[in-house]
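Hello,

Here is the structure I promised to pass on to you. Please open it beside this email and follow along as you read.

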Amino acid sequence: MGRARAAIEVPASVPDAEALWYDLKRWPAFIDGFGHVVRDEGWPRAQGVLVWDSTPAGRGRVVERVSAQVPGQGQTADVEDPRLAGTQTVAFTAVDSGVGVPLSLDYRLKGGVPGLGVLVDLLFIGRAMRDSLRRTLVRFARELEAAAELP
């Protein structure tokens with residue numbers, strides 16, 4: 001199983017960070033590869049399902065099934081796209097400088113040649129996933145900081 005992680009600290013409050021993360025209308029501004037929502041069935045609450053399509057060069061159709069969501073703390077969801085399945089976790093933690101937002105994805109690749117998947121993941125997929133999470137968080141921080149500057 002592969003693992004990708006990224007984290008960022010932003011000078012904002014936990015409620016503001018959480019509100020932005022769960023605002024699907026704002027996702028195009030920060031979720032890496034996000035295209036549009038196909039179906040929203042109670043997301044971001046526990047047991048909720050979100051189906052979304054990526055941009056043409058992205059992951060394809062992504063299904064997120066929320067397994068846990070605690071207001072003020074974060075969310076865990078089972079995620080699946082045509083190439084991988086896994087568990088994604090986002091958390092919101094008060095820190096001295098504002099809010100810490102760690103984002104992680106524990107995943108397994110679908111299909112492929114047994115044994116070769118580990119090598120491909122190590123050399124290519126894992127790095128791409130970490131880079132995607134980092135891009136998401138950097139854009140998220142920009143959006144959150146811009147929102148804080150509004151009157």
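To start, which backbone atom lies 2.8 Å from a polar atom of the side chain of W27? It is the backbone oxygen of W21. A polar contact here is a pair of N or O atoms within 3.5 Å; within protein, one must be able to donate a hydrogen and the other to accept it, and residues adjacent in sequence count only if both atoms are side-chain atoms.

Some background before we go on. This is a predicted model, where local features need pLDDT of at least 70 and side-chain atom pairs count only at pLDDT 80 or more, while totals for chains, interfaces and linings use all residues. Residues are numbered from 1 along each chain as its sequence is written, and side-chain values use heavy atoms, with hydrogens and water left out.

Now back to W27. You will find W27 in helix α2 (residues 27-30); helices (H or I, at least four residues) and strands (E, at least two) are DSSP runs, numbered from the N terminus. With 2% relative accessibility, W27 counts as buried (under 20% relative accessible area; exposed is over 50%, partly exposed in between, with a 1.4 Å probe and protein chains only). Leaving aside neighbours within four places in sequence, W27 is in contact (heavy atoms within 4.5 Å) with W21, F34, W43, L50, W52 and E64.

Next, the aromatic rings. The whole structure holds nine aromatic pairs. Rings of Phe, Tyr and Trp (its six-membered ring) pair if their centres lie within 6.5 Å; planes under 30 degrees apart count as stacked, over 60 as edge-to-face and the rest as tilted. The ring centres of W27 and W52 are 6.2 Å apart with planes at 90 degrees, so this pair is edge-to-face. Because W27 lies in helix α2 and W52 in strand β3 (residues 49-54), the pair ties together parts that are 25 residues apart in sequence. W52 also pairs with F34: their ring centres are 5.3 Å apart and their planes at 45 degrees, so that pair is tilted. Both W27 and W52 belong to one aromatic cluster with Y22, F34, W43 and F92.

Enjoy exploring!
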